[in-house]
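Here is a short report on one protein chain. It takes up the pocket lining, the fold, the surface and the side-chain contacts in turn.

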Amino acid sequence: MTIPARPSAAFVGASWAALLLGTFTFLAGLWNATMQLNEKGYYLTLLLYGLFAAVAVQKNVRDISAMPAEAG
């Protein structure tokens with residue numbers, strides 16, 4: 001079984017930068033929006049669910065690729 005190659009430091013850094021910049025921009029837009037507080041909470045919840053889903057999918061793909069192939 002081979003260990004998959006890790007992504008480069010530049011890719012990891014660019015990924016974190018994009019995540020933080022996008023999250024900050026979304027939250028800044030949400031802060032300045034002229035909506036009711038419950039509407040802002042709805043959009044904040046959607047952002048958090050989206051972040052959770054992205055991490056969950058990434059971990060599932062990683063775990064499935066690490067499983068040995070079934071003989072059959």
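By class, 10 nonpolar, three polar and two charged residues make up the lining of the largest pocket. Here Ala, Val, Leu, Ile, Met, Phe, Trp, Tyr, Cys and Pro count as nonpolar, Asp, Glu, Lys and Arg as charged, and the others, Gly among them, as polar. The model is predicted: local features need pLDDT of at least 70, side-chain atom pairs count only at pLDDT 80 or more, and totals for chains, interfaces and linings use all residues. Residues are numbered from 1 along each chain as its sequence is written, and side-chain values use heavy atoms, with hydrogens and water left out.

The lining of the largest pocket comprises 15 residues. Arg6, Pro7, Phe11, Val12 and Gln58 lie nearest the pocket centre. The volume is about 640 Å³. A pocket is an open set of points on a 1 Å grid over the protein atoms alone, where a 1.4 Å probe fits, with protein on both sides within 12 Å along at least five of seven lines; lining residues have an atom within 4 Å of a point. Volume is the space filled by probe spheres set on the points, which are joined across faces, edges and corners.

The chain has two helices and zero strands. These are DSSP runs, numbered from the N terminus: helices are H or I with at least four residues, strands E with at least two. Helix 1 (9-32) and helix 2 (37-66) each give the pocket lining at least two residues. Helix 2 supplies the largest share, six residues.

Of the 72 residues, 6% count as buried (under 20% relative accessible area; exposed is over 50%, partly exposed in between; 1.4 Å probe, protein chains only). The chain exposes about 6,600 Å², and carbon and sulfur atoms supply 71% of that area.

| Residue | Relative accessibility | Class |
|---|---|---|
| Tyr43 | 33% | partly exposed |
| Asp63 | 37% | partly exposed |
| Arg62 | 43% | partly exposed |

There is one aromatic pair (ring centres within 6.5 Å; planes under 30 degrees apart are stacked, over 60 edge-to-face, the rest tilted). The ring centres of Tyr42 and Tyr43 are 5.3 Å apart and the planes stand at 75°, so this pair is edge-to-face.

The whole structure holds one salt bridge (a side-chain nitrogen of Lys or Arg within 4 Å of a carboxyl oxygen of Asp or Glu). Arg62 and Asp63 form it, with their closest N and O atoms 3.2 Å apart.

Technical notes: Areas by Shrake-Rupley, 256 points an atom, 1.4 Å probe, with all protein chains shown as cover. Phe/Tyr/Trp six-rings, centres within 6.5 Å; stacked < 30°, edge-to-face > 60°.
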